[in-house]
2 protein chains.
Amino acid sequence: MRNIKMTIQYDGSRYRGWQKQKDLELTIQSKIENVLSKMTGEEVQVVGCGRTDSGVHAENYIANFHTHSIMSIEAMLDYLYEYLPEDIVVKSMKDTGERFHARYNVKSKTYIYRINNNSFRDVFNRRYVYHLNEKLNLDDMIKASEVLIGTHDFQSFTSLKSNTKPTVRTINYINITENNGMIEIEVNGNSFLLNMVRIITGTLLEVGKGNLKPLDVEKILNEKKRSEAGPIAPAKGLCLKIVNY
Amino acid sequence: MRNIKMTIQYDGSRYRGWQKQKDLELTIQSKIENVLSKMTGEEVQVVGCGRTDSGVHAENYIANFHTHSIMSIEAMLDYLYEYLPEDIVVKSMKDTGERFHARYNVKSKTYIYRINNNSFRDVFNRRYVYHLNEKLNLDDMIKASEVLIGTHDFQSFTSLKSNTKPTVRTINYINITENNGMIEIEVNGNSFLLNMVRIITGTLLEVGKGNLKPLDVEKILNEKKRSEAGPIAPAKGLCLKIVNY
């Protein structure tokens, strides 16, 4: 049986996230499974590299599926390109080892959160960037981000309600850059809790606005309570950039 | 009476172009006039730097209007930002000399036509870029573009039907560049005929595909017949970049 790895780009604006839901919710996974099932005549199950929130985008989402189909990769790509909606593109596919699993094998992921910190929104990227017209102190945000690097219990930085699931994660780096008022927060970690990047971003923005001090973030981390951290930043500014295996 | 100059950015996707139409057609001019009229309590008429086709975008469209309002520029900008739809932004405004006229005073305009020449569309710019999956010969396109530089009768390159209006125009330069499969055709001229940049682009694309030779463009220019030139390139790839006064 073939095991095919896919790299997928999507504009998440109108989707309820990656993950298939009960009922008729519009999700990226269900769109792709439907097209692959029609293409192969099999009931294809796609394994994604992880969930993404409703409204979050991806530049290089990785997924895999098993099939008995003998179609060429090129023909599959053409078929998907033709039948997927215009906000989802399977950019590349390749036959991979039968044991490859898009979720279990993830080593790390890189997310980018984009903020337009100019006076006015830019109409051309308005669906992919969070517009915030309030001067931010980037130096303080960078200092605050350094507190989060490493292996910590990120319970304060997730919307996850359960107390039984492990909430320790490792953040390898956070890069915060600014170019003409466009701020990018790049976060790389081994895996992420529900809403974690958006809550980290929301907390760093509170630091940038001066509502929190950089060292307050250490206290927030130690408190292990969601209510201590900043608000969740809007989904549309977040994009899954790279998944490493 | 004040004369106020505005710089406007818009995503033209859902509009019937800049210019106000009879009836209830959705146009950028009518949207802005409505908001300015409510803001000032006067019946404001906005003078634009020229028409743009249905579906064409602008990064820095210039317009002006007269008003007796004593509102500050900052308050006006805030009002417009609040009440215009999210695909139109007035980026800046300033009081200007009473004789300034956004259309009559134009010295030159620069348009950009964007083509994605990779295998697949990029979902994030799909509304602003024409996707063409057919290898293009850029060198030939550049040679062909050189034929068009200077002052010529561009009758072959307009959808304008009238034989009585002058069709001589001056193109100052055409720059064709490529970066990771994204091709930009930048055209600067003193003024443009109806659909001129899109028909020039459509013709250059025929050269790029090998359906025309670079020197055929000279023949097309000399024939002065629309039917000789290439097809009109899709509106969504075109963007008015700069207007010089």
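I call a residue buried under 20% relative accessible area, exposed over 50% and partly exposed in between, using a 1.4 Å probe and protein chains only. This is a predicted model: local features need pLDDT of at least 70, side-chain atom pairs count only at pLDDT 80 or more, and totals for chains, interfaces and linings use all residues. Residues are numbered from 1 along each chain as its sequence is written, and side-chain values use heavy atoms, with hydrogens and water left out.

**Entry: A:Asp53**

I looked up the annotation. The unreviewed UniProt entry puts "active site" at A:Asp53; such annotations may be inferred rather than shown by experiment. I found A:Asp53 in the loop between β2 (46-48) and β3 (57-67) of chain A; strands are DSSP E runs of at least two residues, and helices are H or I runs of at least four. At 17% relative accessible area, A:Asp53 is buried. Beyond its neighbours within four places in sequence, A:Asp53 contacts A:Gly17, A:Leu194, A:Asn195 and A:Arg198 (heavy atoms within 4.5 Å).

**Entry: aromatic pairs**

I pair rings of Phe, Tyr and Trp (its six-membered ring) if their centres lie within 6.5 Å; planes under 30 degrees apart are stacked, over 60 edge-to-face, the rest tilted. The structure holds 18 aromatic pairs over all chains. A:Tyr79 and A:Tyr83 have ring centres 4.6 Å apart and planes at 40°, so I log the pair as tilted. Both sit in helix α2 (residues 73-83) of chain A, 4 residues apart, about one turn of the helix. A:Tyr79 is partly exposed at 23%, and A:Tyr83 is partly exposed at 49%.

Terms used
Chains lettered and ligands numbered in written order.
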